Structures are given as C-alpha cells and as structure tokens.
Amino acid sequence: MSAFFGIGKTRTFKPRKDVPEGTKQYQLRKYAEATLGSGNLRLAVRLPDGEDLNEWLAVHAVDFFNHLNMLYGTVTEFCTPQEATLTVSAATRYEYLWEDGVRYKKATKLPAPEYVDALMNWAQGLLDNEEIFPSEMGKPFPKNFRETIGRLFRRLFRVYAHLYSNHFDHICALGIEAHLNTSYRHFFLFVNEFDLVDKRELAPLDELNEAILAEDKGR
C-alpha cells in the first residue's frame, strides 16, 4: 500500500473487504480493472453488455470503499477531535451529523475523526453482510439494494468532500493529490452514470464536478 502512494507509512483504520475469487463479482472486478487501465474512466463506469446492474454496483462499492479507506488513512493524524464536526467549506458551509439507527439513533454531532470512523464502520458492516452484498452465486440481492447503495455512496461522498475541503494541503504535501483526483473522478462519474446520489448532496464539490463533466465531454 505504501508503494502505491509513494510514501513510507500509510495508515488505514479498517480491514479491507475483498471480492471472493471465482465469483461473478470477482470477474466483473477484473473487467473493471482492465477498462480502468485504458485510462478512459467514462468507459470504465459503464455497465458491460449483458451483466447484472446490482453485481456491477456491488463490485464498485467495495472498490470505492477500499480506495477511500487508503486515502483517508494517509491523513488520519491530521484529522483531529479539534474538528468539532465533519464539515465541508465551500460557497456554503456544510455540516454533517451522524445517525445509524443503532448506536446513534438520532442525528448527532461528532468530531470529524469519530464521524469518519463511525461511517467506515457502518460501511464495512454493510459490505460484510451477506444478506445485503451476497457473494454466493445465484443468491439474490435484497429488493431495497438500490436504496442501500445510494445511501452508501452518499455517505462515502462526504469523506471525499472532507478530504478536499479540510485536508487537501496535507494530501498535496504527501504528493498523492493525483491519486485523490483520479479516485474521486472515477467515483463521481460512476455516481453520475447511475444517478446514485441526489445532485443536492453533491453540491459541496459542484465546481469540481462540473469540471469533471466538462473534461469528459471534451474527450
């Protein structure tokens, strides 16, 4: 992992979920990796002909979780409890409250590192739940899978937005801004392709999002 970022020490705070080898999701992941290698992210996010949309969404949910886990892991020492809540400073300041229906049954203010920790724990729990993300061949996805995926991507976006707003200087100092930019561009194009997140939720990075779409149209 440290070789990927070109730094000596990279901290992640959650185990990474891997797609089981030999499954349909594993085959789709390999296909996605191959298309990513072409450098055409618009092509990489498209659903391959004849493939199941839920499988495609599941594969990318795992991969984006892993990417974000690694990226945030590089700045955990800079994300301190002094950041009283998870905020994003843009033209409008956004403040996020946490609620998971279990430990936090009401929307609760949490210091930024606690918020991200709660979010990643929650996401890990979803990804590891075989009833929601089945790895067995032929096991159906739940009927509300699309809704669940939308909630997951909406919350992962908040961590990307926090990285850009509050830690981009740290990211640049570590020399990994290209990795963040590529990861987010892939994430946003995927979200946009399948209309996974309400555009109002993406507003904190509107300027970046518009630049990505404009660049993509110019290709």
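The secondary structure of this protein chain, which we have here as a predicted model, comes to eight helices and two strands. If you read along the sequence, the elements follow the pattern α-α-α-α-β-β-α-α-α-α. Of the 219 residues in the chain, 47% count as buried, and among the contacts with a separation of 6 or more, 73% are accounted for by residues 24 or more positions apart.

Two packed helices are described by the angle between their axes and the distance between the axes. For α4 and helix α7, which covers residues 177–194, the angle is about 155° and the axes are 11 Å apart. That angle is over 145°, the cut-off for this class, and therefore α4 is roughly antiparallel to α7. The crossing in which α4 passes α7 is left-handed. On the α4 side, the contact is made by Leu53, Trp56, Leu57, His60, Phe64, His67 and Leu71, while α7 contributes His179, Leu180, Ser183, His186, Phe187, Phe190 and Phe194. Sorted by class, the residues of this contact are nine nonpolar, five polar and no charged.

Staying with α7 for a moment, this helix has 18 residues and spans 26 Å from its first C-alpha to its last, close to the 26 Å expected at 1.5 Å a residue. Its buried residues include Leu180, Ser183, His186, Phe187, Phe190 and Phe194, which are also among the residues that α7 brings to the contact with α4. After α7 comes Asp195, whose phi is positive, near 50°.

Is Asp63 buried or exposed? Its relative accessibility is 13%, and because buried means under 20%, Asp63 counts as buried. The C-alpha atom of Asp63 is separated by 9.7 Å from that of Phe187, although these two residues are 124 residues apart along the chain.

Definitions and conventions:
Residues numbered from 1 in each chain as written. Predicted model: local features only at pLDDT ≥ 70, side-chain atom pairs only at ≥ 80, totals over all residues. Heavy atoms only, no water. Axes fitted to C-alpha atoms, helices over the stretch in contact; angles between N-to-C directions. Helix = DSSP H or I, 4+ residues; strand = E, 2+ residues; numbered from the N terminus. Parallel < 35°, antiparallel > 145°, perpendicular 65-115°, else oblique. Left-handed = near helix turned anticlockwise from the far one by under 90°. Contact = heavy atoms within 4.5 Å. Nonpolar A, V, L, I, M, F, W, Y, C, P; charged D, E, K, R; others polar. Expected span 1.5 Å × (residues − 1). Buried < 20%, exposed > 50% of the residue type's maximum accessible area, 1.4 Å probe, protein only.
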